[in-house]
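This briefing walks through one protein model, topic by topic. Keep the sequence and the structure in view while reading.

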Amino acid sequence: MPNLLILNQPIKTQFPNSIEIHIKREDLIHPFVSGNKFRKLKYNLLQAKIENHQTLLTFGGAFSNHIAAVAFAGKEKGFKTIGMIRGDELEDKVSENPTLSFAQKCGMQLEFISRVDYRLKSEVSFLENLKQKFGHFYLIPEGGTNELAIKGCQEILTKDDAEFDYICCSIGTGGTISGIINSVLPHQKVLGFPALKGDFLKKEIRIFVQNENWELVTDYHFGGYGKVNAALIEFINQFNLENQIPLDPIYTGKMVFGVIDLIKKNYFPAHSKILLIHTGGIQGIQGMNMKLRNKQLPTIDING
């Protein structure tokens, strides 16, 4: 059973201006379907059962947390799963990839498509071709974001979180922050830290939200999606050493780095209470460390 008694763990570092930080340990919900992936899949899996689907089909990249989560959740709930993987060059490299090999061991059927075809993943004609090939399936979008996913993410915050002034989370496709924005109280502000360059996600988020007390902080992507440097790795390792909280380098690590940097720059008023949402993603560290070793860069110490 998932652990939904999620603690808001205080950060031990003493910050200036009497600012306090806690981190909501959503990464501890489930060993394989953790953080926002559990939240996003919760109502989608229920809907798939209601509609009597036997197969889940979704999209993702080589080290996708979403692919790993759908594979395990599908196995656990009795669904066949199909993963459409970006990059046909990966087809003969599954055994070298910890995420894809995990998904395959969970029973997921991996289908590798070119990056050109992958861009068509939302096109009606492309999806119709997939139905011709695989039969009927329940479609879960890349990253899991849809209205049912946002419904799940609206459950991240509880009444016990009313004491916080700021709620901060990383952003991939915009689903998690949309759920949070919809559930915050009037005195709270939500800060989103995109893992991708630019602020184009504002348009996507506005489709799903009603509140206006939010903004995107676009200065902490470290060069773009999946990009890291030695400074970020050093920060993640030091943070884990001091707090015994592992951070993934794609999403939460960048967000926590950004929040602490903003504190140093006096962005937050004195006595602010800040809640950081840990969205999981720890499974991807093994794959990232493979890349870092190839580049002769420091690696992430998962044990702290």
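A charge is said to sit over a ring if NZ of Lys or CZ of Arg is within 6 Å of the ring centre and within 35 degrees of the ring normal. By that rule, the charged end of Lys151 sits over the ring of Tyr43, 4.3 Å from its centre. The model is predicted. The points below begin with the whole chain and then turn to its parts.

**Overall form**

- The protein chain has eleven helices and ten strands.
- Its radius of gyration is 19 Å, close to the 19 Å that the globule rule gives for 304 residues, so the chain is as compact as a globular protein of that length.
- Along the principal axes, the C-alpha atoms of the protein chain fill a box of roughly 60 × 45 × 35 Å.
- Of the 304 residues in the protein chain, 54% are buried.
- The accessible surface of the protein chain is about 14,400 Å², and carbon and sulfur atoms hold 51% of that surface.
- Among contacts in the protein chain with a separation of 6 or more, 73% are between residues 24 or more positions apart.

**Nonpolar cores**

- In soluble globular proteins, nonpolar side chains tend to be buried together.
- The largest nonpolar core here has 36 residues, and those that touch the most other members are Ile21, Phe193, Val256, Val259, Phe268, Ile274 and Leu276.
- At least two residues of this core come from each of β2 (20-24), β7 (166-171), β8 (189-194), α9 (230-243), α10 (252-264), β10 (273-277) and α11 (285-294).
- Helix α10 gives the largest share of this core, six residues.
- Leaving out residues up to four places away in sequence, Ile21 touches Gln9, Pro10, Ile11, Phe15, Val259, Ile260, Ile263, Ile274 and Leu276.
- Another core, of 27 residues, lies apart from the largest one, and its members include Ile6, Leu41, Ala62 and Ile67.

**Aromatic rings**

- The structure holds 13 aromatic pairs.
- One of them joins Phe72 and Phe102, which are stacked, with 6.4 Å centre to centre and 10° between the planes.
- Phe72 lies in helix α2 (residues 65-77) and Phe102 in helix α3 (residues 98-105), so this pair ties together parts that are 30 residues apart in sequence.
- Phe72 counts as buried at 16% relative accessibility, while Phe102 is partly exposed at 23%.
- The rings of Tyr267 and Phe268 also pair, and because their planes stand at 80°, with centres 4.9 Å apart, the pair is edge-to-face.
- Tyr267 is partly exposed, with a relative accessible area of 31%, whereas Phe268 is buried, with 3%.
- A cluster of rings linked by pairs is made up of Phe193, Tyr220, Phe222, Phe235, Phe239 and Phe257.
- Phe193 from this cluster is also one of the residues in the largest nonpolar core that touch the most other members.

**Lysine over a ring**

- Besides the Lys151 and Tyr43 arrangement described above, Lys49 lies over the face of Phe79, at 4.6 Å from the ring centre.

- Eight of the nine residues of helix α7 (residues 175-183) are buried, so α7 is largely enclosed by the rest of the structure.
- The buried residues in α7 are Gly175, Thr176, Ile177, Ser178, Gly179, Ile180, Ile181 and Asn182.
- In α11, the buried residues are Ile285, Gly287, Met288, Asn289 and Leu292.
- These buried residues of α11 pack against α3 and α9.

**Positive phi angles**

- Gln244 has a phi near 55°, a positive value in a residue other than glycine.
- Gln244 is in the loop between α9 and α10, and its relative accessible area of 46% makes it partly exposed.
- Asn266 likewise has a positive phi, near 60°, and is not a glycine.
- Asn266 lies in the loop between α10 and β10, and it counts as exposed at 54% relative accessibility.

Methods:
Residues are numbered from 1 along each chain as its sequence is written. This is a predicted model: local features need pLDDT of at least 70, side-chain atom pairs count only at pLDDT 80 or more; totals for chains, interfaces and linings use all residues. Side-chain values use heavy atoms; hydrogens and water are left out. Rings of Phe, Tyr and Trp (its six-membered ring) pair if their centres lie within 6.5 Å; planes under 30 degrees apart count as stacked, over 60 as edge-to-face and the rest as tilted. Helices (H or I, at least four residues) and strands (E, at least two) are DSSP runs, numbered from the N terminus. Buried means under 20% relative accessible area, exposed over 50%, partly exposed in between (1.4 Å probe, protein chains only). A nonpolar core is a set of buried Ala, Val, Leu, Ile, Met, Phe, Trp, Tyr and Cys residues joined through side-chain atoms within 4.5 Å. Contact means heavy atoms within 4.5 Å. The radius of gyration is taken over C-alpha atoms; the globule rule is 2.2 Å times the number of residues to the power 0.38. Accessible areas come from the Shrake-Rupley method with a 1.4 Å probe; for residues, only the protein chains shown count as cover.
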